Every structure is written in C-alpha cells, then in structure tokens.
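Me: I have a protein model open and I want to learn to read it. Can we go through it in short questions?

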Amino acid sequence: MNNTLSRRGFIGSGATVAAACALSRVVPGFAQPTTESDSPPPIRLGLASYTFRNFTRAQLIGFMKQLNVNALNAKDTKDHLPVDPSGEAAALADYASAGIKLHAVGAVYFPKDDDADIRNKFEYAKRAGVSVIVAGDPAIATLPRIEKFVKEYDIRFAIHNHGPEDKVWPSPLDVLKAVKNMDPRMGCCIDVGHCVRAGTDVVQAIHAAGPRLFNMHMKDLTSFNDKGSQVAVGEGRMPVPEIFQALIATRYQGFVDLEYEVHADDPMPGVISSFAYMRGVLAGMGYSVGREL
C-alpha cells in the first residue's frame with residue numbers, strides 16, 4: 001500500500017472519530033438525528049486557495065481532486081487567479097475543465113478611495129462569475145464609494161476581520177457596526193481564528209451577522225491568544241459543531257472555506273485531517289457528506 005495514502009487514510013479516520021467525540025458533547029438546543037439524511041448538508045465546505053499559496057494552479061487542482069472538494073475561494077496568489085483578464089480567463093478555463101466552481105475571490109485589497117481602482121476589482125470578480133468579494137482592508141471612509149459598486153454589480157462585499165493586529169477590522173462586530181445602515185450586500189467574512197483572537201465569541205458573531213454573513217474562513221487554534229498556535233481543524237479549541245449549528249440556525253447561504261495557513265510547503269496532511277473532521281461533524285449531525293456542490 002502507498003505509504004502516503006495509508007497515512008492520509010489514518011489521518012482522515014482519526015479526524016472523523018474526533019468529530020464524533022466532539023458531537024457527543026451536550027450542545028444546548030440541538031437534538032442529534034438518529035439516522036443519516038439523504039439530503040445534502042446545509043453547510044457547504046470549500047477551500048481558500050491561499051492554503052496552497054506555495055503551489056501552482058495545476059497543483060492546486062490536483063490537490064482539490066484528491067480532497068473531493070470542488071468549491072473554491074480563489075486569490076491572486078501564484079497563478080491561482082491572476083488579475084489580468086487574459087491570465088484570469090486561462091485560470092477559469094482550467095477550473096471549469098476540472099469541475100471546480102468559484103464562489104468568491106479574495107482576499108482582495110482596496111487601498112485606494114478611487115473609482116477606477118475599485119471598478120477593476122469588481123470587474124475581476126465579475127469575470128470570475130462569483131457573487132462575493134472577500135475584502136482585506138478597506139478604509140471606513142471608502143465604504144460609501146464601494147457601496148455604489150456593490151449596487152451596480154450586484155456582488156456582495158464581505159469585509160474580512162484580521163484579529164487584534166488590525167486596528168480597523170479586528171472583529172466581525174466592527175464590520176457590522178460600519179455597514180449596519182448600508183446596502184444589505186455590504187457585510188462580512190468571519191475568519192474564525194482571527195475572531196477568537198480579537199476576544200469575540202464566534203457563535204455570537206454568526207448570530208449577530210445574520211444575513212450580512214457572506215463567507216467563512218475556517219481554521220483552528222490551540223490557544224485563542226496565540227496566532228502561531230494554528231493546527232488542523234479538530235485538533236484545537238474551535239467549537240466547530242456549535243459553529244455549524246449557528247450557521248444552520250441563521251440559514252447561512254455561503255461557504256465555509258478552509259484556510260489552513262501553517263505548513264505552507266506541506267499542507268496536505270493538515271488539510272485532509274481538517275476536511276475529514278468537518279465532514280465527520282456533519283455526518284454526526286445526520287447529513288450525507290461528500291462533494292459539497
């Protein structure tokens with residue numbers, strides 16, 4: 001037997017067992033079904049391409065096939081989704097050929113309060129055929145100008161929180177304060193790792209965001225005070241079952257994108273384990289799991 005495949009099978013089965021153990025905890029307000037449903041899970045799992053930032057698009061596609069994942073949040077890193085139209089078109093053709101569907105781009109950065117610069121970013125998203133831009137660092141003063149483009153293009157704008165180091169958007173709650181009186185397509189992407197490091201309860205943030213939550217970046221930490229403590233999902237303290245239950249309760253329509261930022265040169269073991277754990281959680285909730293799209 002191939003040693004790599006054997007190791008991955010062990011990792012996956014271990015993560016599934018861990019997920020079942022996690023679901024054995026008593027979670028208020030949640031009754032676990034006794035049989036598995038034939039319906040697809042209400043939580044759609046995807047991948048943030050930044051996870052494979054040290055690998056080419058061809059390698060990324062190969063990894064996604066191994067993972068049995070075909071939902072992608074693509075970023076302009078390596079050659080994953082170039083910003084120039086010809087390069088972007090080539091990337092989109094490759095993804096379409098591989099059966100991979102893009103649902104978001106990002107993180108995309110908006111450093112200028114300038115129509116031309118903002119329009120270029122929205123054109124980038126429009127060409128990609130996505131409904132969500134995950135935005136990294138827009139200034140609060142720029143949001144009214146961005147809102148005009150959200151209305152024109154009918155593309156949702158999800159501001160990504162970046163934890164205590166970010167003095168503007170440390171928490172999803174900061175995003176919600178800024179956009180509460182704006183177009184309903186102005187909202188947030190909750191990065192769960194940065195969220196907890198900002199001292200914000202993720203489950204409460206999901207409920208607070210409600211319909212303004214457009215994207216989720218999933219990761220796990222062994223310490224909510226240490227950015228460097230990231231581990232595979234299921235190996236840390238992140239309350240994944242409770243997060244999934246909150247998303248279901250709020251009728252979340254977006255994707256939960258794994259963003260595994262450690263072991264950049266060899267991420268696959270942790271990525272495999274993370275997806276196995278999340279799928280195990282969903283299976284424990286009674287849903288049939290597999291390809292999420």
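Me: Which residues form one aromatic cluster?
Reply: This is a predicted model. In it, five names belong together as one aromatic cluster: Phe-110, Phe-122, Phe-149, Tyr-153 and Phe-157.

Me: How many aromatic pairs does the structure hold?
Reply: Rings of Phe, Tyr and Trp pair if their centres lie within 6.5 Å. With that rule, the number of aromatic pairs in the structure is 9.

Me: The charged end of which residue sits over the ring of Phe-110?
Reply: Phe-110 belongs to the aromatic cluster. A charged end sits over the Phe-110 ring, 5.1 Å from its centre. That charged end belongs to Lys-121.

Me: How far from the ring centre of Phe-224 does Arg-237 lie?
Reply: A charge counts as over a ring if it is within 6 Å of the ring centre and within 35 degrees of the ring normal. Arg-237 lies over the face of Phe-224. The distance to the ring centre is 4.2 Å.

Me: Is Asp-154 buried or exposed?
Reply: Asp-154 lies in the loop between α5 and β5. Exposed means over 50% relative accessible area. Asp-154 has 51%, so it counts as exposed.

Me: With the side chain of which residue does the side chain of Asp-154 make a polar contact?
Reply: Leave aside the neighbours within four places in sequence, and Asp-154 is in contact with Phe-149 and Arg-185. The C-alpha atoms of Asp-154 and Arg-185 are separated by 7.8 Å, though the two residues are 31 apart along the chain. The polar contact is between side chains, at 2.9 Å, and the partner is Arg-185.

Me: Is Arg-197 buried or exposed?
Reply: Arg-197 is found in helix α7, residues 192–197. Its contacts beyond four places in sequence include His-162, Glu-165, Phe-224 and Asp-226. Buried means under 20% relative accessible area. Arg-197 has 11% relative accessibility, so it counts as buried.

Me: Which residue of β4 is the bridge partner of Val-105?
Reply: Val-105 is in β3, where it stands opposite Ala-74. It also has a bridge partner in β4. That partner is Ile-133.

Me: Which helix makes a right-handed β-α-β unit with β3 and β4?
Reply: Helix α3 makes a right-handed β-α-β unit with β2 and β3. Another right-handed unit includes β3 and β4. Its helix, residues 115–128, is α4.

Me: What is the omega of the peptide bond that joins Gly-106 and Ala-107?
Reply: Most peptide bonds are trans. The bond between Gly-106 and Ala-107 is cis. Ala-107 is in strand β3. The omega of this cis bond is about 5°.

Me: Why is helix α9 largely enclosed by the rest of the structure?
Reply: Helix α9 covers residues 240–249. Its buried residues include Val-240, Ile-243, Phe-244 and Leu-247.

Me: What is the phi of Arg-251?
Reply: Arg-251 is found in the loop between α9 and β10. At 67% relative accessible area, Arg-251 is exposed. Most residues other than glycine have a negative phi. Arg-251 has a positive phi, near 55°.

Me: Where is His-263 found?
Reply: His-263 has a positive phi, near 50°. At 55% relative accessibility, His-263 counts as exposed. Its place is the loop between β10 and α10.

Me: Which residues does Gly-254 touch, not counting residues up to four places away in sequence?
Reply: Gly-254 lies in the loop between α9 and β10. It is buried, with a relative accessible area of 10%. Beyond those excluded places, Gly-254 touches Arg-44 and Phe-214.

Me: What percentage of the residues of the protein chain count as buried?
Reply: The secondary structure of the chain comes to 10 helices and 10 strands. The chain has 293 residues, and the part that counts as buried is 54%.

Conventions: Residues are numbered from 1 along each chain as its sequence is written. This is a predicted model: local features need pLDDT of at least 70, side-chain atom pairs count only at pLDDT 80 or more; totals for chains, interfaces and linings use all residues. Side-chain values use heavy atoms; hydrogens and water are left out. Helices (H or I, at least four residues) and strands (E, at least two) are DSSP runs, numbered from the N terminus. Buried means under 20% relative accessible area, exposed over 50%, partly exposed in between (1.4 Å probe, protein chains only). Contact means heavy atoms within 4.5 Å. A polar contact is a pair of N or O atoms within 3.5 Å; within protein, one must be able to donate a hydrogen and the other to accept it, and residues adjacent in sequence count only if both atoms are side-chain atoms. Two strands pair if DSSP finds at least two bridges between them. A crossover is right-handed if, with the strands pointing away from the viewer, the path from the first strand over the helix to the second runs clockwise. Rings of Phe, Tyr and Trp (its six-membered ring) pair if their centres lie within 6.5 Å; planes under 30 degrees apart count as stacked, over 60 as edge-to-face and the rest as tilted.
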